[in-house]
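Have a look at the structure first, and then we can go through the surroundings together.

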Amino acid sequence: MYKVVSTEHHFYPHVVLELQDTTTNETKWWCYADFHDEELCRVLGVKDLTGCTLAKQPSHGAWISKDDIGHL
């Protein structure tokens with residue numbers, strides 16, 4: 001499971017989620033298209049994923065290194 005620590009929307013059309021593994025406390029970054037973020041918010045019934053707990057990584061997108069976020 002992952003806790004969404006933060007949601008970054010200023011890399012349009014990409015959204016970057018800072019995810020913390022609830023078992024290991026390891027922090028990773030997930031990148032996906034903004035329309036996937038809107039869909040996941042709709043499914044979970046929230047306006048922003050920050051603070052939500054996800055049972056698994058999102059089904060669209062990919063892991064991204066923190067260093068690569070600035071290249072979006």
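Which side chain makes a polar contact with the side chain of Trp-63? The partner is Gln-57, with the two side chains in polar contact at 3.3 Å. Please keep in mind that this is a predicted model.

## Where Trp-63 sits

Trp-63 belongs to strand 5, a strand that covers residues 62-64.

Leaving aside residues up to four places away in sequence, Trp-63 touches Tyr-2, Leu-19, Lys-28, Trp-29, Trp-30 and Gln-57.

## Two aromatic pairs

Searching the whole structure turns up two aromatic pairs. In one of them, the ring centres of Tyr-2 and Trp-63 are 5.7 Å apart and the planes meet at 55°, so this pair is classed as tilted. It joins distant parts of the chain, as Tyr-2 lies in strand 1 (residues 2-11) and Trp-63 in strand 5, 61 residues apart. Tyr-2 has a relative accessible area of 12%, so it counts as buried.

The other pair brings together Trp-30 and Trp-63 in an edge-to-face arrangement, with 4.8 Å from centre to centre and 85° between the planes. Here too, distant parts of the chain are linked: Trp-30 is in strand 3 (residues 27-33), Trp-63 is in strand 5, and 33 residues separate them. Trp-30 is buried, at a relative accessible area of 2%.

## One cluster, and a charge over a ring

Taken together, Tyr-2, Trp-30 and Trp-63 make up one aromatic cluster. Trp-63 takes part in the tilted pair with Tyr-2 and in the edge-to-face pair with Trp-30.

What sits over the ring of Trp-63? That is the charged end of Lys-28, 4.7 Å from the ring centre. Lys-28 is also among the residues that Trp-63 touches, as is Gln-57, its polar partner from the opening question.

Notes: Residues numbered from 1 in each chain as written. Predicted model: local features only at pLDDT ≥ 70, side-chain atom pairs only at ≥ 80, totals over all residues. Heavy atoms only, no water. Phe/Tyr/Trp six-rings, centres within 6.5 Å; stacked < 30°, edge-to-face > 60°. Helix = DSSP H or I, 4+ residues; strand = E, 2+ residues; numbered from the N terminus. Buried < 20%, exposed > 50% of the residue type's maximum accessible area, 1.4 Å probe, protein only. Lys NZ or Arg CZ within 6 Å of the ring centre and 35° of its normal. Contact = heavy atoms within 4.5 Å. Polar contact = N/O pair within 3.5 Å; in protein donor to acceptor, adjacent residues only side chain to side chain.
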